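Please look through the sequence and the structure shown below before reading on. The report that follows begins with a single site and then widens to the whole fold.

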Amino acid sequence: MAFWTKLAHASCLTGGLLLGAVSAGAQEQQPERPDFQTFLEGVRAEASDKGIKPETLSAALGGVEHIDKVIELDRRQPEFTMTFKAYMDRVVNPARVERGRRLLAENKAALAKIEEYYHVQPKYVVALWGIETDFGRVTGGYSVVSALATLAYDGRRSSYFRGELMNALQILDEGHITPSAMLGSWAGAMGQCQFMPSSFLRFAADWNGDGRRDIWTTREDVLASAANYLSSSGWKGDQTWGRPVKLPAKFDKSLVGLNTKKPLAEWAKLGVRAAGGKHLPKADLEASLVMPDNGGGAVFLVYDNFRTVLKWNRSTFFALAVGHLAERIGGK
């Protein structure tokens, strides 16, 4: 789902063992892959068996094309080598902070009701919206059905993407969006939340009550869907995400990482201080230390809400950016 997320694909290469009695030039016969149209016929049959209406399948699959660009993008995903500072300068920039503050104010009434229902502070909802799609400005222009069909046919993660394709067909069958308007990223992440179809089915919300969960054009649905994702994933509405800290000299770096979790009082005893040198708050919270640049630079104590953001996107940079942007939007 995430705009900045790099999908991790594992490539598994298998080969037959050459037995002594077999000629060195002999090769194991592999089953021939069907062509793309034959593959789509199989998709249509499976979706029909799952109860998807014939008219939905005709509308959704009738114009599906194999998108070579999707495969190209999947093959050449770059290694993520940007420093944390460079990432933050790009993602939490002054223009985005200013627009986030304006949109927080513009949507104050709706966000207050969403917070009352889902117990997620508005500034975090707006921050996620901003980082994912620049507040709906960059949502992707690929046909989700064609992109998912292309990836399901490709073979690298066929089972996963075929499942997401089935989910997309279900969304269309339920009438939330039309095939031509179901646009998203090359990997199938959709709308202003950048939900994969499976996330849509679990978390997308019909906040305005019109019978459609519209994360593409209905702002109230977009904001409520983001809040529902966080709330359902364990967000604690009475807590923050974390804070920058300073470590004492000769600190045991083996304690850094999400695998180590201690109460704030214990971190204080170990000499950890707030970034300005003040004592840590006397709150009943457990936290972990995170150093985004692999042992150098900034250090943060992060709480359970940080871990919840990681369920949205497993990138530490992303989760830290959400916290920072939320604070800036909220006035800090």
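Leaving aside residues up to four places away in sequence, Asp214 touches Asp221 and Val222, where contact means heavy atoms within 4.5 Å. Asp214 lies in the loop between helix 10 (197–203) and helix 11 (219–232); helices here are DSSP runs of H or I with at least four residues, strands are runs of E with at least two, and both are numbered from the N terminus. With a relative accessibility of 1%, Asp214 counts as buried, a word that stands for under 20% relative accessible area, while exposed stands for over 50% and partly exposed for what is in between, using a 1.4 Å probe and protein chains only. The C-alpha atoms of Asp214 and Ser225 are separated by 9.2 Å, and these two residues are 11 apart along the chain.

This is a predicted model, in which local features need pLDDT of at least 70 and side-chain atom pairs count only at pLDDT 80 or more, whereas totals for chains, interfaces and linings use all residues. Residues are numbered from 1 along each chain as its sequence is written, and side-chain values use heavy atoms, with hydrogens and water left out.

The protein as a whole has 14 helices and 7 strands, and 47% of its 332 residues count as buried. Among contacts between residues at least 6 apart in sequence, 72% join residues at least 24 apart.

What lies at the centre of the packing is described here through nonpolar cores, each a set of buried Ala, Val, Leu, Ile, Met, Phe, Trp, Tyr and Cys residues joined through side-chain atoms within 4.5 Å. The largest nonpolar core holds 88 residues, and Leu169 and Met182 touch the most other members of it. Helix 14 (residues 316–329) supplies the largest share of this core, 9 residues. A second, separate core has 14 residues, including Leu264, Leu285, Met291 and Val299. In soluble globular proteins, nonpolar side chains tend to be buried together. When neighbours within four places in sequence are left aside, the residues in contact with Met182 include Tyr142, Val145, Ala168, Leu172, Met190 and Trp216.

| Helix pair | Angle | Axis separation |
|---|---|---|
| Helix 7 and helix 14 | about 125 degrees | 8 Å |
| Helix 2 and helix 9 | about 115 degrees | 10 Å |
| Helix 6 and helix 11 | about 25 degrees | 10 Å |

Angles under 35 degrees count as roughly parallel, over 145 as roughly antiparallel, 65 to 115 as roughly perpendicular and the rest as oblique. Helix 6 is therefore roughly parallel to helix 11, whereas helix 7 and helix 14 are oblique to each other.

On the side of helix 6 the contact is made by Ala110, Leu111, Ile114 and Tyr118, and among the partners in helix 11 are Glu220, Leu223 and Ala224. The residues of this contact divide into 7 nonpolar, 2 polar and 1 charged, where Ala, Val, Leu, Ile, Met, Phe, Trp, Tyr, Cys and Pro count as nonpolar, Asp, Glu, Lys and Arg as charged, and the others, Gly among them, as polar.

The crossing of helix 7 and helix 14 is right-handed. Among the residues that meet there are Tyr124, Val126 and Leu128 in helix 7 and Phe318, Ala321 and Leu325 in helix 14, and by class this contact has 11 nonpolar, 1 polar and 2 charged residues.

Helix 2 and helix 9 also have a right-handed crossing, in which Thr56, Leu57, Ala60 and Leu61 of helix 2 meet Leu169, Leu172 and Asp173 of helix 9.

Two loop residues have backbone angles worth a look. Most residues other than glycine have a negative phi. His119, in the loop between helix 6 and helix 7, is not a glycine and yet has a positive phi of about 60 degrees. Lys250, in the loop between strand 3 (242–246) and strand 4 (257–263), likewise has a positive phi of about 60 degrees, and at 86% relative accessibility Lys250 counts as exposed.

Technical notes. Axes are lines fitted to C-alpha atoms, for helices over the stretch in contact, and angles run from 0 to 180 degrees between N-to-C directions. A crossing is left-handed if the near helix is turned anticlockwise from the far one by less than a right angle, and right-handed if clockwise.
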